[in-house]
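Here are my notes on this model, as numbered points. Please keep the structure open while you read.

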Amino acid sequence: AHTRAFRFTSAAVGVDKMARVPVLALALVASCLVSSSAAFELRGSPFQCLEEQAVANIGNGLWRTFGFEVAMPVNASLAVSQGWYPTSSSCDSSQGLVYSQSKSGATEDKPLQLMYTQTGMFAGVRVTIYGDSWTSKIGPAAQPSLVKGGYWIVQSGAKDTWYITVSTRSSEFMCGSARSSLLLGDRLVINQGTLDFSIPLSAKAAQSEGYVPGSCMKTMGQHWMLDLSLRNGQLSWVEGNLLPVVPMYYPPTIDGTIHAIFITTPVAQPGAALFGHGDWETPALTASLMCENFCSKDCHWTTDFWSTMHIYFNSDWQDATCPGGSGIVDRACPSD
């Protein structure tokens, strides 16, 4: 259950000043009463709606890219007002509608797309990757085993292009009139409708599913990684075995809940090789810097570079610290 005292900012709820529990309580009540008929129809009562908010909501806002933490639109109306374009030919019953930063859809310099329901609610993120490595023998950005496993989807009609979608709501909300009081949703599902791979929403659940605890870094929380070939709390250090969506939980204990994710590929992406301000963190991580996300002396990779893209779901990234941490990113290896 989410017991975190969310910290609301203007990006999250449209207010100028910071506030904690009192504002959270008022915001939750308001969100359950503003669309009262929908809330009553779907949730039974405002009290049941409030319980849903407290237990299932994955976050109170949306930001991208470590180091810049750019606020992103939490509904379709905001997306349009902020220069995003609806680029779906039709509504996908499992994933909703796609909004892009370019009228032409995902591009190499703007590979992040946002998903919304037919009624305009936030429904997930989609990231497109390109090319293969020119500095190592690792091969394509989407490793063959991950394509075969259904984690990366081949982009039809494009060469060396793949995408991954992380959905935050069930399919019942995507293309109909159903609405929810939850700002972002209640789940994280990779390629909903095909793969249907659920990312655990707590560190305790991640541990039970064989994820490996990694380091904690400020703003991010604690990383947990999954080796798809093992799923037993260990890692093979094979790029194609690493789940390309890495969850982070906060606080950095076994009681932590979902705070952020990053999407990763073992090939430096266009726009990530040099310093800049794009969707990917820049510059791309060297293999040794990627190992900073782990807490193992055995960490090693065949590739030379990794690209990562952080997506934050909670406004308290501003206050997320790591007890005992050190260095620029306050890195620590918690005892889980």
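**Notes on the disulfides and the overall fold**

1. The torsion about the S-S bond of Cys91 and Cys175 is about -90 degrees, so this disulfide is left-handed. The bridge connects distant parts of the chain, 84 residues apart: Cys91 sits in the loop between β3 (85-86) and β4 (97-100), Cys175 in the loop between β8 (161-167) and β9 (189-190). The S to S distance is 2.0 Å. Bear in mind that the model is predicted.

2. Cys91 is partly exposed at 22% relative accessibility. Cys175 is partly exposed too, at 30%.

3. Cys216 and Cys322 form another disulfide, with sulfur atoms 2.1 Å apart. Cys216 lies in strand β11 (residues 212-217) and Cys322 in the segment after β16 (305-312), so the bridge ties together parts 106 residues apart in sequence. Its S-S torsion is about -80 degrees, so it is left-handed. Cys216 is buried at 1% relative accessibility. Cys322 is buried at 4%.

4. Cys291 and Cys299 also pair, at 2.0 Å between sulfur atoms. The torsion is about -85 degrees, so this disulfide is left-handed. Both cysteines are buried. A search of the whole structure finds four disulfides.

5. Now the chain as a whole. It has eight helices and 16 strands. Of its 336 residues, 52% are buried. Among contacts with a separation of 6 or more, 59% join residues 24 or more positions apart.

6. The chain exposes about 14,300 Å². Carbon and sulfur atoms supply 55% of that area.

Note on methods
Residues are numbered from 1 along each chain as its sequence is written. This is a predicted model: local features need pLDDT of at least 70, side-chain atom pairs count only at pLDDT 80 or more; totals for chains, interfaces and linings use all residues. Side-chain values use heavy atoms; hydrogens and water are left out. Helices (H or I, at least four residues) and strands (E, at least two) are DSSP runs, numbered from the N terminus. Buried means under 20% relative accessible area, exposed over 50%, partly exposed in between (1.4 Å probe, protein chains only). Contact means heavy atoms within 4.5 Å. Accessible areas come from the Shrake-Rupley method with a 1.4 Å probe; for residues, only the protein chains shown count as cover. A disulfide is a pair of cysteine sulfur atoms within 2.5 Å.
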